[in-house]
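Here is a brief report on one protein model.

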Amino acid sequence: MPQEYRQILQHIDQPGYTPALECYLRHGGYAVLRQALALPPRTLPGGQVLSGPEQLRQEVMVSGLRGRGGAGFSCGLKWSFVDRKSGKPIYLICNADESEPGTFKDKQIIYKDPHQMLEGMIIASYANDVHLAFIYIRGEFVEGARILNRALQEARAKGFLGRNILGSGYDLEIHVHRGAGAYICGEETGLIESLEGKRAYPRIKPPYFPAVLGLYQCPTIVNNVETLCAVKHIVARGGAEYARLGTPNNTGTRIVSISGHVRRPGYYEIEVGKVTLGELIHDPAFGGGLREGRQLKAIIPGGSSAKVFKAGETFKLKRRGPDGKESVQEVALLDLPYDFDSLIAAGSMSGSGAIIVLDDSTDIVAALANIADFYAHESCGQCTPCREGSLWMAKALRRLTHGEGRPEDADYLAHIADNIPGGRTICAFGEACAWPVQSFVAKFRDEFIARGAADAKRRAASGRETAAPSGPPHPATAAALAQTPAE
Ligand SMILES: Cc1cc2nc3c(=O)[nH]c(=O)nc-3n(C[C@H](O)[C@H](O)[C@H](O)COP(=O)(O)O)c2cc1C
Ligand code: SF4
């Protein structure tokens, strides 16, 4: 039976468990920080001496932890890129923007167990020689910011933060910074600009890799809330032991947000790769299945920007057998292990761990229109393909959902979406807005064409338009779109 594995969520939602420091301490809180600060230098067989912070960084590397914010990049590797020789201060930023639609895991930690996150942050800061760290929290989490500020006060009062933490000689201050509620503020370089007091325009990489040129042009680590919580558990268990959780290259646990047409929407912590997409949707321990009489239509497996899967899809994936030999096997959608690599191999991603389930009652055109509206609204506007493309796609979809579609809108949408990603934009928002459109249109093409054809026929019958415009998409289409009646 697939089961939850509650590590980060261990105490969350238990009766009587509160965000107060007292409660956290009663449950063993800050013991791992104490242990981390007390780590003595270790001499390696070759004579090299590893300081306590260096050992902590090594444990995180050994653990195989991959970032839980979206990209799934190795946390240990990210930390190893930090420029430690620049002479500039190193900053740590906890990304608590949680802006990817469908994702609601970080807020559970912030609201219900803030000290766990702070302990992870303090350990990560100590490991990276950080003396000033920030929590960038999305503007809408008003209560979350209040809870965190109270937790910071409590931690300061008890000597877990501030000068000479627990008598170790280590100093750290953490500030909460509230964003103004824009999706792009979750993108790390946009976040940094916003934290500097500017509009959240993402920076181009290179040269602005945060590990080298981040906040105030200083080396900066940006990690997700859940990633920083995992750091605490890695230090508690040891990196190698942590790596035994989950599956190779997909280690540890992660929190999955399940929403949409399931009986038990919610957040669940699993060992990465030990539970399949089908189990997450259908098992009583997780999503609990679809509503009475409904069939699965589609799954968005990693937040709204992940490419959609169509029910019934199968994938050819490389699998390693018990004998260690690799072979290509056909894997059905619902049998895909929920991990980083399998979902990428199947053409999508696990992203922020947000699974959105769509049953056969879903109007797929309307669902994509909803997503596209979001991206058109949230594009920061710096790059032409993203700014214009996201808007054109949203307008075309709005046309399709308002009886003004054309049969060729499917091709038109695909054409725009194909011309946004692939290095044409400053940040990955370009991919994020294009992937849903590319995948929805490719996998549900018939529905898009049928919708446009029905609209064109209806208009022709009413004499409003003799024939739908034809031919390949053209820049002039932009002018036509401008005439689309407003809602
Ligand atoms: C458009 C966009 C929005 C993002 N939003 C978030 C977010 O809300 N929270 C988050 O942790 N990461 C978000 N990310 C990923 C961050 O840029 C960054 O990779 C992440 O915070 C790094 O943390 P991790 O390595 O611990 O995952 C976003 C990325 C993009 C391109
Ligand atoms: S890709 Fe979009 S969101 Fe990112 S910088 Fe360019 S315009 Fe802004």
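## Shell around ligand 1

Strand 6 gives the largest share of the shell around ligand 1, three residues. This is a predicted model: local features need pLDDT of at least 70, side-chain atom pairs count only at pLDDT 80 or more, and totals for chains, interfaces and linings use all residues. Residues are numbered from 1 along each chain as its sequence is written, while chains are lettered from A and ligands numbered from 1 in the order in which they are written.

In total, 25 residues surround ligand 1. The closest are G67, G69, G186, N224 and T227. Strand 6 (220-224) and helix 16 each give two or more residues. A shell residue has its C-beta atom, placed from the backbone, within 6 Å of the ligand. Helices (H or I, at least four residues) and strands (E, at least two) are DSSP runs, numbered from the N terminus.

By class, this shell has nine nonpolar, nine polar and seven charged residues. Asp, Glu, Lys and Arg count as charged; Ala, Val, Leu, Ile, Met, Phe, Trp, Tyr, Cys and Pro as nonpolar; the others, Gly among them, as polar.

## Shell around ligand 2

Around ligand 2 there are 14 residues, with C380, C383, C386, T425 and F429 the closest. Helix 14 (384-401) and helix 16 (429-443) each supply at least two of the shell residues. The classes are eight nonpolar, five polar and one charged.

## Contacts of M121

M121 touches L92, C94, A133, I174 and L228, leaving aside residues up to four places away in sequence. Contact means C-beta atoms, placed from the backbone, within 7 Å.

Note on methods: Contact = placed C-beta atoms within 7 Å.
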